[in-house]
Amino acid sequence: MSNETIATASEDVFDESLDGVGEVGEDLVEQAYEALDGGAPAEEKKEKHPKWEAWKTNFRRHGWILVFIIPAFLYVLVFCYAPMYGILVAFQDYMPGDSIIGGSTTWVGFQNFRTFFSNPNFWDYFLNTFLLCIFGFLVGFPLPIIVALLLNSLRSKKVKKGLQILYYAPHFISLVVMVGMLKLIFGSDGLLDQLSKQMGGDAGGLKLFLTPEAFRPLFIFSGNWQDFGWSAIVYLAALSGVDPALHEAAKVDGASRFRRIFSVDLPAILPTIVMLMILSVGNLMSCGYEKVLLMQTAGNLETSEILSTYVYKFGLMNGQYGVGTAAGLFNSVINVVLLVIANFTSKKLTNNSMW
Amino acid sequence: MKKIVIGVSAAVLWLVCVVLFVLFAMGGGTNAEHQFTVLTVKEDAVKDYNSMPVFRELAQETGIDVNWVYNTSAQYSNNTDPVGTKGIDAIYHTGFSNLKLYDYGRRGRIVAIDEYLDSMPNFSRILTARPDIAEALKSPDGHIYSLPRVEEMGLKAYPNILYINKKWIEQLIDANALPANVQLTKEQLKDGLDLYRSEYEALLEQFKARDLAGGGKTVPLTFVSGNWQGNESDFIASFGVPENREHKTVVNGKITFTVEDEKWFDAVAEMQDWCSRGLISTSSFDQDESQFLARGQDGRYGSFYWWEKDTVLAKEFRDDYIIVLPLKDDDGNRYVGVSNEQEVEKGECVILSSCEDKEGLLSYFDKFFEPDYSAQLNYGSVKSGAFLPNKVDGKLIPNDDHGEQSADDFRMRNAPYGVVYLTEEVWQNSVQMESRAQLRLNNLNDYVKPYTFEGVQSIPNLNYTQQELLDLNTHEFSLSNNIASWYTQAVVGDAAPTKASWLNLLSVNRDSLEAVKSINQAAYDRYLLAVSAE
């Protein structure tokens, strides 16, 4: 069952999960090849580093398959690893056009980091980033799972399809338009404000875009409204791989629809959920700056100034590229630490992990 | 057979198209006949510089031919290294900050213009005649890396005029509904209306209570908070504190933060009260310029701050509004602060070190400082109809008749702006001011300027050291964020701001406040010294 689940899951999850399967299946494969080779008895092989021998045989027979990895390997190398040398900028007095490694490079050690950490508001920005992302994660992570499970349990395929389209359509609204809509509805003089005034509300009106407390809910709920349907697709794909026989068996045993969700569907997509959770935790501190910036007003700065908007304003707009890169690097380091912790925890608890 | 013929002709046609396209593309790329190529930031709506009469004239007079190439402002802002653009000799409309100019300058990527003054007679004359401009242009290492834009009309220091809806007051008079503390006759309702703040407040209250715009659309008072024009600074100033949008100004030679003044807190508390009663629209704090202008067109504003009413209102409502003098406090005093917007702008044009004939190109740009060229660069060429064809008493006379086009549209399409030198002297001798600008200036002279605080001045363009620039950058970022955040929350908040929270704002930001003050003070003292020495 688990193999079928994986086959239909998204590509990322597919690769990652396969690693897990690989570990389990390794011994079997080894034994199979030993049996195929047939010649030497197993005990003799063990003395000659059996794993290494098996690997060699394996490679001799199927080594050419590795060729298929080359494009992916090159892609990662060129687009993910090569640009990393740019983080050296964090230790330089840099402006675009300077060579990053060369005679003219001015190294400044940790000066940029000192500038960044000495910002009197550093902890506020850090906390804002953390809270915005963690709340976003807490709301945004379970929502698509619940939606996928519910959609999957619908009897009518037509209704399911219709709802699914309805749910993921907002995903295609561009950010600027989205924030424009938010302002028209929730901003001063917006729909809600007008309504509240008409209904005899406070003369000052509703001003959600100027209230720091309203920023996070607005940001998170609008973001989730836009994306929950889209994110549910991965889970729906995983659910479509669940063996109908299991459901039938459960029905025969008298399981209700609700019971089947918990006992059949949920366990089936658990590996997918865990994998996506680890990946999300790895991105926990990076919620993009564009939407935050668009929604920012002087009134909500207290909660809406986050590390990435600081990097954008101070680093890019002010031309402090070194400080901007230092801040970005700091953010990435935190993300990596979180990723490692999440992976470790998941390995201990559910036996699912990325490595 | 027919099919073959059609196929062959389609193929030939396709080939011809490709060849033509390639030739066309190559033709666009070559500029062998041009001596210089200059990159400029230009929106598509603005006419091609290469065919603008003013540049053709310049080419004829100097014998120097410049090829202009363009970035739209969106392209330009995405260009992290414009100075690295291949094949250009200079950048016009660079928008570089002090720090960026210096960063490029000390790396030797842009030219120190002060080393070529011999080929720039006009510019060197300006530097000698105006030590303040020379001082403003210097980078921390004493070099001048950019050509300035100088447009001195005496307007920018006073970016706010208060307008009020005369028609609505007349309606109140007719309905015998004037507030008890306001005695006004219809004859008094003209530009320069004299009101106490309490009278003004009572009028706004009446506007709102009677919903004079109808349909709940009435906006008693609005502005664009923190914008360079039409902001709330003069409202706050009426409490006796020389406010501007940066909250910092020069008082008797000392750099001062207005936020530290208790009167500033009083003003904020009062504004909160007005906001909570709906007298100040909360949209004043989250709208931008274009939203403000769009909302005002249908005459729903009871009162607003802006430079001139014509841009805010549709034609049929323009006569309904009159200028109010700065509001009087209870003792009958009026105050207006001055902004720190500069009439000398740095970073308008830089020459790249890769330019082969720096003297040649600079001698070309030097012509821009001559009054006739400055005027045409700033408003559009004589030949395009921006000025009357013949001078009167040696002065260029602006042409106000642009047919269907509005004056703003005409200027936007025909004027390249940028490096100009238009000062008091030029307005007196060589160019007549646009009638709109003249009107604006007259309004300011009559109704705003006389009430400037005594001893208060704008902070001029200061010249910082590299360390000072870096320190300012760090402190000002958090400081302006914190002040803006506290201020906006205090004003639009549901409860009145407490003095404790204001004191807390000051104490939390004490280090930054002191650092920004002392850096600016040091630079200001150096500026005074340099200007007086020369």
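Predicted model: local features only at pLDDT ≥ 70, side-chain atom pairs only at ≥ 80, totals over all residues.

Residues are numbered from 1 along each chain as its sequence is written, while chains are lettered from A and ligands numbered from 1 in the order in which they are written.

**Stop one: two helices.** Select residues 157-168 (helix H9) and 212-240 (helix H12) of chain A. Helices (H or I, at least four residues) and strands (E, at least two) are DSSP runs, numbered from the N terminus. The axes of H9(A) and H12(A) are 6 Å apart, at an angle of about 125 degrees. Now show A:Gln164, A:Tyr167 and A:Tyr168 in H9(A), which meet residues of H12(A) including A:Phe228 and A:Trp230. Contact here means C-beta atoms, placed from the backbone, within 7 Å.

**Stop two: where the chains meet.** Chain B brings 33 residues to the contact and chain A brings 30. On the side of chain B that touches chain A, H4 (98-106), H10 (262-276), H17 (466-492) and H19 (510-533) each supply at least two residues. Highlight H17(B), which gives the most, with 10 residues.

**Stop three: a sheet.** In chain B, 6 strands form an open sheet with mixed pairing, in the order E2-E1-E3-E11-E4-E12. Two strands pair if DSSP finds at least two bridges between them. Select E2 (66-71) and E12 (421-422) of chain B to see the edge strands. Finish at B:Thr40, which stands opposite B:Tyr92 in E3(B).

Key: Axes fitted to C-alpha atoms, helices over the stretch in contact; angles between N-to-C directions. Contact = placed C-beta atoms within 7 Å.
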